[in-house]
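Let's take a walk through this protein together, with the coordinates open beside the text. Keep your viewer handy as you read.

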Amino acid sequence: MLVVMRHDATPDQIDRVVAVIEELGYAARPMPGAQRTAVGIVGNDGRIDAARLSALDGVRDILHVSQPYRQVSREWRPDDTVIRMAGGVSVGDVDIPIIAGPCSVESEDQIVDIAHQVRAAGATMLRGGAFKPRSSPYAFQGIGPEGLKHLARARAETGLLVVTEAMDPDGVELVEEYADVIQIGARNMQNYSLLRRVGQSRKPVLLKRGLAATITEWLLSAEYVLAEGNQQVILCERGIRGFDPSTRNVFDLTAIPVAKRASHLPIIADPSHGTGARDLVIPMARAAIAAGADGLMVEVHVAPEQALSDGAQSMYPHQFADLVRQIRRVADAIGRRVATPSSAPAAT
Ligand code: PEP
Ligand code: MN
C-alpha cells in the first residue's frame, strides 16, 4: 500500500503519516518524487485500515499496489531509479555505462591488462568473476579470493569500478569488501537466502535473469533485495533457455521494455551470455540499447581462445573498441550518451 501525499504536503504532515504507519506496526518508506512524495507501507498484509491514513492532513490518495512485486513496481515509484556510484558513474539516467572484462579473473596480469584495454576503448566498469557458478563441478570454478585482490589492483590502476559475483550468503562479506557492484548470477536468481543477504548490503546489486525465469519471477527476486532495505538493484537481461541450439540462449530483447514498463529499476543487457558467440555480440548490443537498455555488460579477453571460461563469446579487444564506437552512434540517435571513463582512479 502507498500513501500518496498532496504536492504541497509539509514535512510535518509527512512525518505524521510515517508515525501513524509505525503505530499500526508497519515500516514506512517515504519516497520524495518529482511531482509528490509517497510513503510506502512495508509489511502490509492487506488488513491495514486505510481510513486511519486517508483522513490525515496532506494525504491525497491511498493506492493498493496490484503487482505481486511491490517496491520494485512503477506503481510504487513512478520515477526511474538512478544508481549513483563512485567516480560519477551512474546507471539509469541519460549516460549508458559499459561494463567489460573477462568471464573469469585468471591472473593479476590478465585482469590488469584487459582493464587498461577496455578502459582505453570506453568502458566505465570492469567485470570478472573470482567465484564462478559453473554447470559442471569439474569445470574451472574461479581463482577465489585472490581474484578479488587482482580486481582491486585493476581498479586502482584504471579507475574502473568493479562488478563481480557473490555465489552464496557466506561469501557476500568478502565480495562486498572489494566489489563496487555485487553480481548475482542467473543460476542464483532464486537463491532467496543470498538475495536477502545482498539486500542488507550497501553495495548495488546486479541481478541477472534466471535461465528460465519469467519476468515476474525476476522482479520478485529483485523484490527480495528491496524488501531487506537495499534499493540499489540493476536488472540484467542475459538470455533465457530456448529450444534452438543455434545460439547459447535466446536473448530476450522484449524483456527490456517490458521490465522497464513494470519497474522503475534500471536494466542492462548482457549480449555475451545472451548469444554465446562473439560475432553476435555487436548486433545484439546495438539492439539492446535501441530497445532502451540502460547499460551493457560484455565479455572481453586478451586471448579468448585461451580463456578458462566462455572463450567463444568473449570479444577480442579490437572488437570491443568497435562495439563502443557503434553504441555511441545508437545512443546518440535516441538521445542518450555512452558514459566516459572517469579521469582519475575512483575512490572505494
Ligand atoms: C557471468 O557473468 O560470467 C555468468 C556466469 O553469467 P550468468 O550468471 O548470466 O550465466
Ligand atoms: Mn561468463
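The paragraphs below go from the domains to the helices, and then to the pocket and the cavity.

A word on conventions comes before the tour. This is a predicted model, where local features need pLDDT of at least 70, side-chain atom pairs count only at pLDDT 80 or more, and totals for chains, interfaces and linings use all residues. Residues are numbered from 1 along each chain as its sequence is written, chains are lettered from A and ligands numbered from 1 in the order in which they are written, and side-chain values use heavy atoms, with hydrogens and water left out.

Let's begin with the overall layout. The protein chain is assigned domain 1, covering 2–63, and domain 2, covering 83–338; such bounds come from an automatic or database domain assignment. Taken over C-alpha atoms, the centres of domain 1 and domain 2 are 36 Å apart.

Now for the elements near the start of the numbering. Helices (H or I, at least four residues) and strands (E, at least two) are DSSP runs, numbered from the N terminus. Strand β1 spans residues 2–5 and contains V4. With a relative accessible area of 1%, V4 is buried; here buried means under 20% relative accessible area, exposed over 50%, and partly exposed in between, using a 1.4 Å probe and protein chains only.

Helix α1 comes next, at residues 11–23. Which residues of α1 are buried? They are I14, V17, V18, V20 and I21. These cover an arc of only 165 degrees around the axis, so they sit on the same side of α1, where the arc is that of the directions from the helix axis to the C-beta atoms. Turned away from that buried side is a face of α1 with the exposed residues P11, D12 and E23. Helix α1 also holds A19, which counts as partly exposed because its relative accessibility is 27%. From A19 to T124 the C-alpha distance is 42 Å, at a separation of 105 residues in sequence.

The C-alpha atoms of E157 and H264 are separated by 34 Å, and the two residues are 107 apart along the chain.

T247 sits in the loop between β13 (233–237) and α8 (255–262), and is partly exposed with a relative accessible area of 29%. D310 is in the loop between β15 (296–299) and α11 (317–333), and is buried at 17% relative accessible area. The phi of D310 is near 55 degrees, a positive value in a residue other than glycine. Most residues other than glycine have a negative phi.

On a 1 Å grid over the protein atoms alone, a cavity is a set of points where a 1.4 Å probe fits but cannot get out, while a pocket is an open set with protein on both sides within 12 Å along at least five of seven lines; lining residues have an atom within 4 Å of a point. Grid points are joined across faces, edges and corners, and a volume is the space filled by probe spheres set on the points.

The largest pocket has a volume of about 210 Å³. Of its 17 lining residues, K132, P133, R187, H273 and D310 are the closest to its centre. The lining divides into 3 nonpolar, 4 polar and 10 charged residues; Ala, Val, Leu, Ile, Met, Phe, Trp, Tyr, Cys and Pro count as nonpolar, Asp, Glu, Lys and Arg as charged, and the others, Gly among them, as polar.

Finally, how many cavities of 30 Å³ or more does a search of the whole structure find? The search finds 1, and the largest cavity holds about 30 Å³ of space. Its lining is made of V89, R119, T124, T158, G159, L160, P341 and S342, with 3 nonpolar, 4 polar and 1 charged among them.

Technical notes. Expected span 1.5 Å × (residues − 1).
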